[in-house]
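Open the model in your viewer and keep the sequence panel beside it. The stops below say what to select and what is found there.

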Amino acid sequence: MPETETLSRGRRLLVLAICCMSLLIVSLDITALNVALPSLERELGASVSGLQWTVDIYTVVLASFLMLSGSTADRVGRRRVFQIGLVVFTLGSLLCALAPGLGWLVAFRAAQAIGGSMLNPVAMSIITNTFRDPRELARAIGVWGGVVGISMAVGPILGGALVSTFGWRAIFWLNLPVGLAALLLTARFVPESRAPRPRRLDPVGQLLVIVLLGSLTFGIIEGGKEGWGSPVLLVCFGLALLAVCALLWYEPRREEPLLELRFFRSVPFSGAFAIAVLAFAGLGGFLFLNTIYLQNERQLSPFEAGAHLLPMAAVTLFASPLSGYLVGHFGARVPLLPAGVAILASGLLLTRLEPDSSLGLLFSAYALFGIGFGLVNAPITNTAVTGMPRAQAGVAAGIASTGRQVGSALGVAVVGTILANGSRTAGWWVIAGCGALVLVAGALTTGRRARATAERAMATFAVERTTDGTRR
């Protein structure tokens, strides 16, 4: 019997808390760094594209290795990979704090992201294999989503205070004690677990994923500066399209692919992936645009800018565990539809922003976005990890997390490029469009017919080779 099945309730909650620490340091790093972007612009002489790369290099590298980390954790041990991730992420944070220039910071952020890729999807896989009761798991995922709200509440304020008092490097110093504490607690309290049958490495699939995400992001950020029809952008988009076609041809022909395309035969799983991309594209664009708007246009200090984001963060903190409860009792559709409406309404309000707009308009838009983002996270994660075999929880969680990071990278890339071309209002319309698409996807992928496709997709995993070569 796996050790996770014998854990007491108190031990399970402790494992959940330790796993949430990894999410906290990753989320804090993102939200706090966004507040520091104008400081980086001034101190390091960064352009808008330089600021985009500071954020996006992390998310692109993270997204590129999430599925590899998830499948590797299923194979060699989830606790082991989680511990390695904590070490790499903490060392990467140390290097970022010591970076002598923007180029070095971007490079060290990439190293930090390699460690980050071993944290959140692996932690979610640990949680999935720790909480066996579906309702208990849904509540645990709600707590997991609540940590995102905590990071949003604490991150901007803490980041603003650190930047105002000590400078932007203090944001990275903050990760060191939290990372070390999580490492020690993991070694002491988190049980080891792995999939019954290890999966093989897929280097070709991994390379294609890196080419796809890298060329897509590079094309938008660098090619977009020259216009949406620039040769750089078209070449990068063509390369990304070739990578997609190669993945669709190559991965189904592998017995154990990096990208398990059979998951996408489930309409709810495909919907969860699409919604993850859309919601986090909205979040990435929202944080990027608002940080620059608050400090450059409203002339606020980093601390004041962080304080202005509190309405969004506080509402997210409330909505995330509520979403977990709603998913556990009523299913994914109930929180997803109002999530789409709230993000859409927030984007529409933001299109009316001017440098002297009232705080009532500003905080209403922020609160609506917080409601939408808080409600959307739990159904994404729950659909991804509960609708697929537990033995492949790391792979499923990795794919879902990849959707989040791809969305975040694309959101920053697209709205940053739009901003660099002088159109902030168009960036708000992008966020509104993300909300509208979340609403549509939530309605189309959570009905009875969609759930039936999930059952058929699960059936394709019922006949697999066991370790002795027989079928079951």
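Predicted model: local features only at pLDDT ≥ 70, side-chain atom pairs only at ≥ 80, totals over all residues.

Residues are numbered from 1 along each chain as its sequence is written, and side-chain values use heavy atoms, with hydrogens and water left out.

**Stop 1: Q206.** Select helix α9, residues 203–223, where Q206 lies. Helices are DSSP runs of H or I with at least four residues, numbered from the N terminus. Q206 has 8% relative accessibility, so it counts as buried (under 20% relative accessible area is buried, over 50% exposed, in between partly exposed, with a 1.4 Å probe and protein chains only). Show S64, F65, L68 and L258 as well: Q206 touches them, residues up to four places away in sequence not being counted. Contact here means heavy atoms within 4.5 Å.

**Stop 2: a cavity.** A cavity is a set of points, on a 1 Å grid over the protein atoms alone, where a 1.4 Å probe fits but cannot get out; lining residues have an atom within 4 Å of a point. There are four cavities of 30 Å³ or more.

**Stop 3: the core.** Next select I127, F286, Y366 and V376, the residues with the most contacts inside the largest nonpolar core, which has 120 residues. Such a core is a set of buried Ala, Val, Leu, Ile, Met, Phe, Trp, Tyr and Cys residues joined through side-chain atoms within 4.5 Å. Beyond its neighbours within four places in sequence, I127 contacts L16, C19, L137, A140 and W144.

**Stop 4: the rings.** How many aromatic pairs does the whole structure hold? The search finds ten, counting Phe, Tyr and Trp (six-membered ring) with centres within 6.5 Å; planes under 30 degrees apart are stacked, over 60 edge-to-face and the rest tilted. W104 and F108 have ring centres 5.6 Å apart and planes at 35°, so this pair is tilted. Both lie in helix α4 (residues 102–116); W104 is exposed at 51%, whereas F108 is buried at 17%. Then select F369 and F373, a stacked pair with 6.4 Å between centres and 10° between planes. F369 and F373 are both buried.

Technical notes. Helix = DSSP H or I, 4+ residues; strand = E, 2+ residues; numbered from the N terminus. 1 Å grid on protein atoms, 1.4 Å probe; cavity = no way out; pocket = protein on both sides within 12 Å on 5 of 7 lines; lining within 4 Å. Points joined across faces, edges and corners; volume = space filled by probe spheres on them.
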